[in-house]
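Hello,

Here is the structure I promised to pass on to you. Have a look at it first, and then read on for some notes about its aromatic rings.

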Amino acid sequence: MAVQVRRASQGPREVGGTAAHRPAAATSQSLGPRVAWFAFPLFLWQALFSLVPLLYLLNISVWRLENFRPVPAVTLANYANVLGTGYYWAGYLASLQLSAATSLIVLVIAVPTAYALVCHLGERPKRVLVLLMLTPLLTSYVIRIYAWHVTLADNGIVNGVLMGLGLEPIRVLYTKTAITIGFLSYYLPVAVLILFVGISSIDRYVLEAARNLGCGPFRILWEVVIPNIRRALVFSFVFVFILTFGDIISPANLGGGRSYLLSSMILDRIRVNQWPEAAVMSAWMLATFLLLLAAAITVTRSRKIVS
Amino acid sequence: MSREVLARLVFRLVLVGSLIFLFLPVAVMILFSFNVDRFPSLPWKGFTLAWYAELLRDQALNEALWRSLIVASISASVSVAFGFTAAYAFRHWSGPRANSVLGFIFLPVFLPYFMLGMASAVYFGTLGIGGHLGAVILIHVVICAPIAFAVIRIRLEEIGRDVEEAAINLGADSLRVIWEVMLPNSIMALVGGFLLAFTFSWDEFLIAWFLSGFDNTLPVVIWSMVRSTISPKINAAGALVFATSVILVSVGYFVAVSPARRTPSPPAVIEGP
């Protein structure tokens, strides 16, 4: 109540002044430090339920396994076991290769798709198609992977059509190609949307100028659009790489029973309750992500200075 | 000029090709959920709703459906509450420290769900609180709150600072500004954020798989069905789950995100004599 009275008495003076014309930042300046606390609940939640569990997992990587239960200890034996096993290195390299290939394929398809979305469509179709691109991200990944399973099966619809045309049936299911197709069904729209935002933020006048100076659409894409969205390109590559590297849904369903990727090997370790070794492999994975992120940040920074 | 026409054609073909790639398998799945034949192969044997009827009789699926609805509703509600308060904070709070907090909040989005699920499973296991739906909700909020936050923040940025300023000048304290000015003005964004968060939780499989114990949610049950058999019943379940998400997303998009719909800020608050 007291606060309200004081404010009310201040009121006329401020209105009489230039309160309404004050720069907007003034409110933020006065409210900023106090209002910042409103972000605290979410901050605390994320700390308690993502950072703490992650640190705990990393901590377990130096624990010992006794009677199939992790027991606190400080040992590097798990690291020696995992990093000294050729099988895991093969899985790691296979994961690196598959994620790098997938991310590249995603970019090659996503760039022209996003370019077509931004520059070659009217407002209404654009909005509808962006929503269509958004749909796969918000509909069950498990179900879409299963749908690919049905579609690609040996006697599925793809082979049915091929044989109907008198062609040889293809055997895609349970190969790396199938895993990549599964990845694309989720991560392609992710990249398209990131690049959509990137291309949309290019100054329209720059694109128009290029057009007026006689650039064709291919040349605009290559010489104007791509140099301007380097950060979005690097960012979507890294994002797709990280998420596919840690994906087990597509490998487990479309890749058959064998585990030849690091993520599925971690899962195998968990199945036999080997949590410390699973934790070591997660740490290995996280270290890879951090290196990649650091590389991406360095690349985008240095290029920014050049341009 | 003809080259330009060709180029336009090429880019549109890529776009259409991407969309066909994304939706073809789902279309195939939905199609085969109506097929009489047990196996998803051509030729087409005839139309039936029998698989949907069988779905309704499936006890495990029905229970899982209710669990998923509960988990998604609670996760989405908590996410919207956190998302709104945080969005209000970042409306007025900027600078390097604010940016690092912002980055930290979005960090889990960059983490494979697999790793988040595994880490929380082992952590909750030690604390003795793993293996039930509450644990799933705790972690679902971690991934859903940033989404709700992002949607709500876009809307809050559209509300003019002058409106808030006027309320303060007229004697409202910051809680009252939030309750009587910001909240009513962003109600649609809250609904949109809720729906988006809901779909993320509704569809999320890995975290639920790690944490739900014996109280499996719908994606987990569908996953175990997928792993064990090929049955047109799964096609039907998939079609229904897909349809639910599409409806929720479309409503959420047109309610909150679509730039076509803008509510004007309340007028005449700062108009003096």
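Is B:Phe149 buried or exposed? In this predicted model, B:Phe149 has a relative accessibility of 1%, so this residue counts as buried.

Searching the whole structure gives 39 aromatic pairs over all chains. One of them is formed by A:Trp148 and B:Phe21, a tilted pair with 5.1 Å from centre to centre and 40 degrees between the planes. This pair joins two chains, because A:Trp148 belongs to helix α7 (residues 141–152) of chain A and B:Phe21 to helix α1 (residues 2–32) of chain B. A:Trp148 is buried, with a relative accessibility of 4%.

Back to B:Phe149, which forms an aromatic pair with B:Phe90. The arrangement is edge-to-face, with the centres 5.7 Å apart and 75 degrees between the planes. B:Phe90 sits in helix α3 (residues 59–92) of chain B and B:Phe149 in helix α6 (residues 133–158) of chain B, so their pair ties together parts that are 59 residues apart in sequence.

A:Trp45, A:Phe49, A:Tyr56 and A:Trp63 form one aromatic cluster together with B:Phe82, B:Tyr123 and B:Phe124. Elsewhere, the face of A:Tyr260 has A:Lys176 lying over it, at 5.3 Å from the ring centre.

Enjoy exploring it!

Best wishes

Methods
Residues are numbered from 1 along each chain as its sequence is written. Chains are lettered from A and ligands numbered from 1 in the order in which they are written. This is a predicted model: local features need pLDDT of at least 70, side-chain atom pairs count only at pLDDT 80 or more; totals for chains, interfaces and linings use all residues. Side-chain values use heavy atoms; hydrogens and water are left out. Rings of Phe, Tyr and Trp (its six-membered ring) pair if their centres lie within 6.5 Å; planes under 30 degrees apart count as stacked, over 60 as edge-to-face and the rest as tilted. Helices (H or I, at least four residues) and strands (E, at least two) are DSSP runs, numbered from the N terminus. Buried means under 20% relative accessible area, exposed over 50%, partly exposed in between (1.4 Å probe, protein chains only). A charge sits over a ring if NZ of Lys or CZ of Arg is within 6 Å of the ring centre and within 35 degrees of the ring normal.
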